[in-house]
Amino acid sequence: MLEVGSFEGRSAIWTLQNILTDDQSTITCIDIWNRSEIEKRFDSNILKTDQSNKVIKIKSASYKALRQLPLFQYDFIYIDGSHEGYNVLEDAVLCFRLLKQNGILIFDDYLWEGKATIYPKPAIDAFLQMYQRHIKVLHCDWQIICQKHK
């Protein structure tokens with residue numbers, strides 16, 4: 001699994017405990033962790049799971065890190081990083097190439113409206129429109145869940 005935007009690690013912990021239960025499962029967490037107390041909280045939270053050996057931590061901007069990862073590597077990708085639409089769209093396009101055939105791609109905060117100049121929704125809508133022949137939308141609410149196919 002790949003998680004773009006990990007913050008304090010709570011979603012990664014939930015995923016480790018509920019989805020990535022196989023000993024061979026791993027989660028790659030990408031975040032800029034621009035505040036040291038948040039990064040320390042992430043590290044502490046992950047250590048408490050006794051599954052830190054399954055976590056690959058990448059401290060980087062997603063647009064840089066995603067370009068370094070192997071193509072078609074991930075079964076499941078969760079995008080919950082920036083809330084700026086242009087970043088969400090770039091993350092989506094880069095993540096699509098990393099996702100295996102029939103893999104699941106989840107966008108968080110589809111309906112979020114905060115202090116961004118362009119909210120996630122228009123960016124996610126643009127991605128869904130442009131990739132409509134290559135994905136199937138499985139769920140649409142606060143989160144968008146889609147599956148990659150041909």
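Biologist: Helices (H or I, at least four residues) and strands (E, at least two) are DSSP runs, numbered from the N terminus; in which loop is lysine 115 found?
Modeller: Lysine 115 is found in the loop between β5 and α5 (120-130). This is a predicted model in which local features need pLDDT of at least 70, side-chain atom pairs count only at pLDDT 80 or more, and totals for chains, interfaces and linings use all residues. Residues are numbered from 1 along each chain as its sequence is written, and side-chain values use heavy atoms, with hydrogens and water left out.

Biologist: Is lysine 115 buried or exposed?
Modeller: Lysine 115 counts as exposed, because its relative accessibility is 85%. The cut-offs are under 20% relative accessible area for buried, over 50% for exposed, and partly exposed in between (1.4 Å probe, protein chains only).

Biologist: What separates the C-alpha atoms of lysine 115 and arginine 97?
Modeller: A distance of 29 Å separates these C-alpha atoms, and the two residues are 18 apart along the chain.

Biologist: Now to strand β4: how many of its residues are buried?
Modeller: Five of the six residues of β4 (residues 74-79) are buried, so the strand is largely enclosed by the rest of the structure.

Biologist: Which strand do three bridges join to β4?
Modeller: That is strand β1 (residues 2-4), which runs parallel to β4 and is joined to it by three bridges. Two strands pair if DSSP finds at least two bridges between them. Leucine 2 has isoleucine 77 in β4 as its bridge partner.

Biologist: And in what sense do β4 and β5 pair?
Modeller: Strand β5 (residues 99-107) and β4 pair in the parallel sense, over five bridges. Within β5, isoleucine 106 stands opposite tyrosine 78.

Biologist: Through which helix does the chain cross from β4 to β5?
Modeller: The chain passes through helix α4 (residues 85-98), and this β-α-β crossover is right-handed; that is, with the strands pointing away from the viewer, the path from the first strand over the helix to the second runs clockwise.
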